[in-house]
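Visitor: I am new to this one and would like a tour. Could you show it to me first?

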Amino acid sequence: MASTADQVAFEFLPFIRAYRDGRVERLMGTDTVPASLDPYTGVHSKDVIVSAQNDISTRLYLPKFTEPTRKLPLLIYFHGGGFCVETAFSPTYHNYLNRLVSKIDVLVVSVNYRRAPENPVPVAYDDSWAVVRWVADHANGGGDEEWIRKHADFERMYFSGDSAGGNIAHNLAIRVGSENLFGLKLLGVALVHPYFWGVEPIGDEKKDLDRKAGVDRLWPFVCPSATNGCDDTRINPEKDPKLSGLGCEKVLVCVAEKDILRDRNWWYYEVLGKSGWKGELEIMEAKGKDHVFHLFDPTCEEATAMLDRMCSFMT
């Protein structure tokens, strides 16, 4: 008979396994790379601690340019990984953001938030909001991060993220709509295959209820305090009475045709459009592609098209 230490309490393959003794085994997203000068794009990156006490940090990216006082759009980026794997320092996100910064010419603040289950949701939201407030300090004459003080155009701020990071971007935009961030203007939010879900199946979810049941298990694991399960307003925006108050001027939703989240992404687009929110709403779908394909095949035609769309959205 297996000891308690070896007994699995939760498993969500291929991402994570949690044991009854409290041990957590992350099965992917554990590799990291240092900040650097990227030899291919000329993009500089560096790591900055926002809160040592709460273990909140960021990786900043600055494009190659020759104007020392040039102001750039500011993109705050939230990585994916189901709230439980990956970091801002993984080679996957480091390489993606080097490419994005080189293409779009933006200053990026990539957020390294604490992850579930050791730090269950809403910690990821709170950590990410702490970074937004830290950036806002620079807009109001405080803050000592040179790249942000010198190069950030605080009137042109964007949020973006993929999967769980897209969920964070949405939820922080909701918070921007109800809390005043003096000195910052959130122009837009770009959601890439955002992780939204719900109790009732929609679209193709109805054709494979076993698969839906598998996804149903993740939210209660990362957010055990959710009283309504997968109809929690943070994972099911349709249930959120504050949806029409989304605090930005425009939203881009990027969808992948073969993604299990595809129907939820289209549904978000439709629900937001009918909510009374007054902003501009865009959507694009990558045919034949699956969840976060652009991270693993960044030079394919569809990934290039999505990067071009992001560029036009932010410039």
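**Pockets, cavities, cysteines and a sheet**

Guide: The lining of the largest pocket comprises 16 nonpolar, 6 polar and 5 charged residues. Gly is counted among the polar residues. The model is predicted: local features need pLDDT of at least 70, side-chain atom pairs need 80 or more, and totals for chains, interfaces and linings use all residues. Residues are numbered from 1 along each chain, and side-chain values use heavy atoms, without hydrogens or water.

Visitor: How many residues line the largest pocket, and which lie nearest its centre?

Guide: The lining has 27 residues, and those nearest the centre are F12, F15, S163, I260 and H291. A pocket is an open set of points on a 1 Å grid with protein on both sides within 12 Å along at least five of seven lines, and a lining residue has an atom within 4 Å of a point.

Visitor: How much space lies in that largest pocket?

Guide: The space in the largest pocket is about 590 Å³.

Visitor: Which helix gives the most to the lining of the largest pocket?

Guide: Helix 5 does, with 3 residues. Helix 5 spans 209-216, and both helix 5 and helix 8 (293-296) supply at least two lining residues each. Helices are DSSP runs of H or I with at least four residues, while strands are runs of E with at least two.

Visitor: Now for the cavities. How many are there of 30 Å³ or more?

Guide: The count is 2 cavities of 30 Å³ or more. In a cavity, a 1.4 Å probe fits but cannot get out.

Visitor: What is the volume of the largest cavity, and which residues line the largest cavity?

Guide: Its volume is about 70 Å³. Y96, R99, L100, H294, P298, A303, M306, L307 and M310 form the lining of the largest cavity. By class, these residues are 7 nonpolar, 1 polar and 1 charged.

Visitor: Which helices supply at least two residues of that lining of the largest cavity?

Guide: Helix 1 (91-104) and helix 9 (301-314) do. Helix 9 gives the most to this lining, with 4 residues.

Visitor: And how much space lies in the second largest cavity?

Guide: About 40 Å³ lies in the second largest cavity. It is lined by H193, C254, V255, M284, E285, A286, F293, E302 and M306. This lining divides into 6 nonpolar, 1 polar and 2 charged residues.

Visitor: Changing topic, what is the strand order in the open sheet of 3 strands?

Guide: The order is 1-2-3, with antiparallel pairing; strands pair if DSSP finds at least two bridges between them. Strand 1 (8-12) and strand 3 (24-26) are the edge strands, each pairing on one side only.

Visitor: Over how many bridges do strand 1 and strand 2 pair?

Guide: Strand 1 pairs with strand 2 (residues 16-19) over 4 bridges. Opposite E11 stands R17, in strand 2.

Definitions and conventions: Points joined across faces, edges and corners; volume = space filled by probe spheres on them.
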